[in-house]
2 protein chains.
Amino acid sequence: MENRVTLKELSKLLNVSISTVSKALRDSPEISPETRKKVKELAELNQYVPNALAQNLKNRKTKTIGVIIPSILPHFFAKALHGIETKAAELGYGIIICISNESREKEAESIKRLMNGRVDGLILSLSRETQASKDTSHIMDILKYRIPLVLFDRVLEEIDCDKVSINDALQAEQATIKLFQQSCRKIVYCTGISNTSVDDQRKIGYLQALESLKLDSNFVEFDTPEVASAAIQKLLKQDKMDAVLASDELSAILAMKSILKSGYRIPEDVAIIGFTNGSMSEHFVPSLTTVDQHAEEQGSLALETMVDRIEGKLPADKLNYKLETSIIQRDSTLPE
Amino acid sequence: MENRVTLKELSKLLNVSISTVSKALRDSPEISPETRKKVKELAELNQYVPNALAQNLKNRKTKTIGVIIPSILPHFFAKALHGIETKAAELGYGIIICISNESREKEAESIKRLMNGRVDGLILSLSRETQASKDTSHIMDILKYRIPLVLFDRVLEEIDCDKVSINDALQAEQATIKLFQQSCRKIVYCTGISNTSVDDQRKIGYLQALESLKLDSNFVEFDTPEVASAAIQKLLKQDKMDAVLASDELSAILAMKSILKSGYRIPEDVAIIGFTNGSMSEHFVPSLTTVDQHAEEQGSLALETMVDRIEGKLPADKLNYKLETSIIQRDSTLPE
DNA sequence: CTGAAAGCGCTTACAG
DNA sequence: CTGAAAGCGCTTACAG
């Protein structure tokens with residue numbers, strides 16, 4: 001039941017100075033091999049663990065990265081976080097996670113909490129409120145204090161920092177074209193995540209595709225599942241829908257359920273492509289054709305970029321990765 | 001582009017001592033109101049943020065809790081984490097998250113990483129390897145250093161610490177009896193998470209129920225989805241299954257898919273109850289009747305217990321919460 | 001090869 | 001009401 005042992009205590013036990021103990025433990029050539037050995041043995045015996053707080057204070061670095069995400073419940077963020085954590089462990093870094101819950105205020109609070117020496121850098125996926133309001137003063141503070149910042153997935157181009165995201169507009173455009181190629185002419189865009197940069201980008205891609213294909217657009221935007229289902233069933237009844245491009249997993253699943261319930265077949269009557277490749281996409285019957293957002297890779301690349309930045313391995317100019325994505329063909333669209 | 005300002009710098013600007021600045025900022029009555037005001041204004045102007053590392057070192061507490069979980073991908077852990085984070089934010093604490101990836105070694109590493117002054121306490125859900133091997137020496141180290149420890153969900157009774165879990169055995173027993181009451185006589189236990197305390201407990205409950213009901217047991221244990229599906233289809237063919245008790249969400253979904261694919265009806269031919277109430281349970285067709293594990297509440301209670309322990313509000317005797325759970329009736333069992 | 005000293009940025013008991 | 005001093009636990013340039 002002892003308390004943690006310190007350098008001071010070890011030095012007393014050995015009748016040497018604290019400096020000697022410290023150097024011996026870090027294998028400094030200044031110290032004689034015998035002393036080094038003695039010190040290390042005693043340290044081992046007493047299960048000495050250096051106090052990270054003191055080390056960090058002295059070294060002015062913490063080997064930990066702060067991560068702020070809007071939520072952890074959507075599969076995308078859980079996977080991205082997994083990618084971040086895995087890469088961090090690999091590179092010898094730890095992570096501190098805060099969840100903004102889509103709120104700008106909580107995001108700003110978390111930033112404050114972390115900007116006080118606790119972390120060497122911040123990885124952020126912006127909250128919906130921040131993206132909607134475009135009020136990024138709290139983000140600018142990070143830059144002002146010269147704390148490295150990496151934005152991922154939900155990025156804002158005007159912020160001068162490293163970024164990792166997928167080319168959502170391009171993907172949405174290609175997905176729309178794919179639906180067109182399956183003879184769909186009434187392609188409806190369905191989203192439960194309005195007001196995020198990713199959703200905006202996807203809408204842009206969708207509209208671009210429609211314009212070049214000379215088709216009309218149609219949107220279902222919702223906050224609650226009930227609203228979504230009602231809107232979809234209405235469109236079906238009015239014969240205004242033979243395909244769905246869904247911006248998030250939940251809206252894709254809700255759409256499929258409404259479609260099946262109304263007696264239509266997937267993909268013969270209505271084809272669907274979703275974003276986010278979660279477990280529901282894989283296991284629903286029929287399984288959902290999705291744009292793979294490479295959540296884990298985004299997370300892993302964001303962390304790697306951060307560490308490279310911290311360790312000065314990157315040029316001064318900020319990086320802006322746009323990951324290539326691919327469409328995972330499943331049963332909600334016709335086979336090629 | 002300035003660097004972060006310190007007490008020392010503020011004190012120089014104001015021509016007072018560091019102590020005065022420090023006390024003024026903490027509203028000490030020792031300092032005159034005018035000085036306090038002046039100091040605070042300058043601090044505000046310079047966006048002074050106290051260095052948490054230095055504060056923590058001095059105060060010997062960090063107001064942050066370490067959380068080590070086996071994985072973040074299963075919905076249960078994502079939800080539990082959400083509960084932990086929410087409650088932590090509410091109580092003014094931060095959390096540091098490590099993922100053990102079900103490995104005892106990574107778990108031990110994370111513990112070492114966190115036990116060096118970084119956190120005030122540790123919340124843990126044990127990795128599968130640790131639970132299987134029962135080698136808990138790395139956990140004992142935590143206790144030895146008098147670091148508060150709360151175990152949740154995957155607990156081990158022999159460890160002397162606060163615990164939060166659900167009564168898995170009882171729940172499994174009741175779920176089994178519920179299936180019996182729907183005239184099921186060939187109830188198969190299906191699991192993809194063998195060798196965890198929760199699975200062991202559920203098996204115990206299942207077997208207890210079967211014994212009192214004088215029924216035979218039958219197990220499907222698997223590592224890959226293919227194995228599960230094959231095993232289930234075999235049992236169906238041999239007419240050895242009219243109900244499934246599934247220990248995790250994935251095995252429940254896999255079972256349902258196999259059953260439907262083999263042409264049986266749910267719940268008329270085969271009824272199913274699962275554990276873990278994730279999004280797939282809710283949205284699969286038919287939706288899955290599940291035992292609600294109260295993931296968020298487990299997380300939130302674990303964190304609250306931790307904070308109470310740290311702040312000395314708890315008796316010396318360790319607490320052992322067993323949360324009441326309930327069965328969420330959906331379409332994979334007959335209505336009551 | 002070893003140790004005394006300064007310092008990271010803060011807090012607080014004590015003196016004045 | 002204000003400040004000098006000690007200390008949290010470490011690291012490292014410097015002296016010996």
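Visitor: How many nonpolar, polar and charged residues does the surface near DNA strand D have?
Guide: A residue is near a molecule or strand if one of its heavy atoms lies within 4 Å of it. As for the classes, Ala, Val, Leu, Ile, Met, Phe, Trp, Tyr, Cys and Pro count as nonpolar, Asp, Glu, Lys and Arg as charged, and the others, Gly among them, as polar. Sorted by class, the surface near DNA strand D has ten nonpolar, eleven polar and nine charged residues.

Visitor: Which pLDDT do local features need in this predicted model?
Guide: Residues are numbered from 1 along each chain as its sequence is written, chains are lettered from A and ligands numbered from 1 in the order in which they are written, and side-chain values use heavy atoms, with hydrogens and water left out. The model is predicted, so to speak plainly of its limits: totals for chains, interfaces and linings use all residues, side-chain atom pairs count only at pLDDT 80 or more, and local features need pLDDT of at least 70.

Visitor: What share of the atoms of DNA strand D within 4 Å of the protein do sugar and phosphate account for?
Guide: The count takes the atoms of DNA strand D that come within 4 Å of the protein. Sugar and phosphate account for 62%.

Visitor: Which residue has an N or O atom in its side chain 3.1 Å from a base oxygen of DNA strand D?
Guide: A polar contact here is a pair of N or O atoms within 3.5 Å; within protein, one must be able to donate a hydrogen and the other to accept it, and residues adjacent in sequence count only if both atoms are side-chain atoms. Ala54(A) places a backbone N or O atom 3.4 Å from a base nitrogen of DNA strand D, and Lys58(A) places a polar side-chain atom 3.4 Å from a base oxygen. The residue with its side-chain N or O atom 3.1 Å from a base oxygen is Glu30(B).

Visitor: Which elements give two or more residues to the surface near DNA strand D?
Guide: Elements are DSSP runs numbered from the N terminus, helices being H or I with at least four residues and strands E with at least two. Chain A gives α1 (7-14), α2 (18-25) and α4 (52-59), and chain B gives α2 (18-25), α3 (33-45) and α4 (52-59).

Visitor: Which residue has a side-chain N or O atom 2.2 Å from a phosphate oxygen of DNA strand C?
Guide: Of the 30 residues around DNA strand C, Lys23(A), Lys58(A), Arg60(A), Leu7(B) and Tyr48(B) come nearest. At 2.2 Å from a phosphate oxygen is a side-chain atom of Arg60(A).

Visitor: What distance separates the centres of domain 1 and domain 3 of chain A?
Guide: An automatic or database domain assignment gives the bounds; chain A is divided into domain 1 (7-50), domain 2 (62-165 + 295-324) and domain 3 (168-293). Taken over C-alpha atoms, the centres of domain 1 and domain 3 of chain A are separated by 64 Å.

Visitor: Which strands of chain A stand at the edges of the sheet?
Guide: Two strands pair if DSSP finds at least two bridges between them. In chain A, six strands form an open, mixed sheet in the order β7-β6-β8-β9-β10-β12. Each edge strand has a single partner, so one side of each is left without a neighbour in the sheet; these strands are β7 (219-221) and β12 (326-328).

Visitor: What angle does the direction of helix α12 of chain A make with that of β9(A)?
Guide: Strand β9 (residues 271-275) of chain A runs parallel to β10 (residues 289-292), joined by three bridges, and Phe275(A) has Val291(A) as its bridge partner. Helix α10 (residues 197-213) packs on the sheet at about 175° to β6(A); axes are lines fitted to C-alpha atoms, for helices over the stretch in contact (heavy atoms within 4.5 Å), and angles run from 0 to 180 degrees between N-to-C directions. Helix α12 (residues 249-261) of chain A touches β6, β8 and β9, and its direction makes with that of β9(A) an angle of about 160°.

Visitor: Where is Pro267(B) found?
Guide: The peptide bond from Ile266(B) to Pro267(B) is cis, with omega near 5°. Pro267(B) is found in the loop between α12 and β9 of chain B.
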